[in-house]
Amino acid sequence: MTNPDARGADRHPHRTACLDARLGPSAAGGPKVLLENPSGAEGRAGPSRSGASRRRLVRGGAGGAAALATWALAGRPSEPGPVRRLRLATGPEGGPYNAFGRALAAAVAASGQRLEVVPVATAASVDNLRELAAGEVELAMTMADAAQDAARGGAPFARPVPLTALARVYVNYTHLAVPAHGPVRSVDDLAGRRVATGATGSGLRTVAERLLHAAGLAGDRAVREARLGLGESARALRAGDVHALMWSGGVPTPTLEALARAMPLRLLPLDALGRELRTAYGAVYAPVTLPPGAYGLREPVRTVGVSNYLTARGDVPARVVRALLRVVFGRWRELLREVTAGARLEPRFAIATGVVPLHPGAVDYYRSVYG
């Protein structure tokens with residue numbers, strides 16, 4: 001079946017031109033990719049660590065989605081040869097990366113493609129990229145800022161990670177949540193207070209550290225960081241053990257929706273700090289708005305958006321990448337349903353992966369869609 005996003009190509013020739021400009025000629029030396037974000041700061045190199053002792057294969061959760069009909073991929077014969085098993089580094093169980101990984105595994109299983117995707121639970125972005133570099137997984141979900149650091153060999157990566165992008169999938173919204181009736185009414189009020197800033201190895205740690213630095217919350221004004229995952233952060237905020245929590249994810253995030261029903265929340269605006277991050281690190285940070293209604297908000301809240309990439313090792317065969325992307329674009333509604341509301345995945349969005357080059361198989365796929 002023709003991808004629904006591809007059907008608009010003939011009606012919108014400017015989209016094809018845009019894709020051609022980004023992908024460049026398909027020369028033997030490899031695809032050209034537009035570097036949307038040439039600027040960025042590189043930090044001090046840090047030690048690499050393996051997450052193999054922590055990794056757990058995610059079981060279950062695929063039953064309902066696996067039963068979905070394969071009409072989205074009708075007319076797409078599976079590639080010949082043995083079934084190719086791909087391990088996908090996701091994130092902690094219950095988180096959006098984990099939900100995406102489960103949904104992708106189920107969609108692949110129902111597709112008829114000779115592929116198997118096995119989600120692997122991790123701490124998320126930074127941990128995922130280390131796993132990818134070590135060859136512990138073939139695929140990884142990651143936030144764009146962590147991917148940019150990895151591609152350039154900036155901290156916390158000791159050297160550049162040879163990763164490639166398959167697609168820019170959706171956008172994370174940075175949440176800075178505090179009790180609505182508490183003493184914190186602005187980012188400046190966080191000075192000296194205890195703030196949950198994400199689990200070690202998560203992509204949230206990167207944006208949290210940069211936001212706090214941009215806010216001048218260092219030295220005598222530094223916050224007291226609690227390195228907690230989302231579930232722990234929500235419980236700590238409700239119990240009064242932290243004064244604020246930071247989170248980067250889709251809207252609405254179910255854990256925060258549940259927290260907002262249990263206690264009124266205030267979401268602090270981060271747009272001014274976001275402009276500083278964009279100046280320092282480039283287009284991996286973008287302005288986005290938390291809409292009224294989410295988490296009980298009465299007014300929109302401007303904050304910082306960070307894209308999420310589906311990435312792969314460069315040695316994954318091109319034919320495997322093409323087959324995987326046929327599933328991703330054939331079933332994107334199911335893949336994003338539990339991750340972020342109202343998101344839409346289409347090729348002209350998906351190819352915008354900044355300094356991270358597209359995998360040759362991804363280039364082949366996008367060219368096949370737009371001709």
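Me: Helices here are DSSP runs of H or I with at least four residues, and strands are E runs of at least two. How many helices and strands are there in the protein?

Reply: The model is predicted. DSSP runs set the count of elements. The protein has 13 helices and 11 strands.

Me: What percentage of the residues of the protein count as buried?

Reply: Buried means under 20% relative accessible area. The protein exposes about 15700 Å², with 52% of that from carbon and sulfur atoms. Of its 371 residues, the buried share is 53%.

Me: With which residues is L104 in contact, leaving aside its neighbours within four places in sequence?

Reply: Contact means heavy atoms within 4.5 Å. Beyond four places in sequence, the partners of L104 are L88, L324, V327, V328 and L335.

Me: How do α3 and α10 lie: roughly parallel or roughly perpendicular?

Reply: Helix α3 covers residues 96-111 and helix α10 covers residues 318-330. Their axes are 10 Å apart, at an angle of about 110 degrees. Angles of 65 to 115 degrees fall in one class, so α3 and α10 are roughly perpendicular.

Me: How many residues in the contact of α3 with α10 are nonpolar?

Reply: From α3 come L104, A107, V108 and S111. From α10 come L324, V327 and V328. One residue of the contact is polar and none is charged, while the nonpolar count is six.

Me: How many charged residues does the contact of α6 with α9 have?

Reply: Helix α6 (residues 204-214) and helix α9 (residues 271-281) pack at about 110 degrees, with axes 9 Å apart. Thus α6 and α9 are roughly perpendicular. V207, R210, L211 and A214 of α6 meet L273, E276, L277 and Y281 of α9. Six are nonpolar and none is polar, and the charged number two.

Me: How many of the residues of α6 are buried?

Reply: The helix is mostly covered. Its buried residues include R205, V207 and R210. T206 lies in α6, and its relative accessible area of 9% makes T206 buried. Of the 11 residues of α6, the buried number nine.

Me: Which residues are in contact with T206, leaving aside its neighbours within four places in sequence?

Reply: T206 sits in helix α6. Sequence neighbours within four places are set aside. The remaining contacts of T206 are V126, D145, D149 and Y285.

Me: Which residue joins V251 through a cis peptide bond?

Reply: Most peptide bonds are trans. A155 and P156 are joined by a cis bond, with omega about 10 degrees. At V251 the bond is also cis, with omega about -5 degrees.

Me: What is the relative accessibility of Y295?

Reply: Y295 lies in the loop between β10 (285-290) and β11 (301-313). Its phi is positive, near 60 degrees, though Y295 is not a glycine. The cut-off for buried is under 20%, so Y295 counts as buried at 3%.

How values were computed
Residues numbered from 1 in each chain as written. Predicted model: local features only at pLDDT ≥ 70, side-chain atom pairs only at ≥ 80, totals over all residues. Heavy atoms only, no water. Axes fitted to C-alpha atoms, helices over the stretch in contact; angles between N-to-C directions. Parallel < 35°, antiparallel > 145°, perpendicular 65-115°, else oblique. Nonpolar A, V, L, I, M, F, W, Y, C, P; charged D, E, K, R; others polar. Buried < 20%, exposed > 50% of the residue type's maximum accessible area, 1.4 Å probe, protein only. Areas by Shrake-Rupley, 256 points an atom, 1.4 Å probe, with all protein chains shown as cover.
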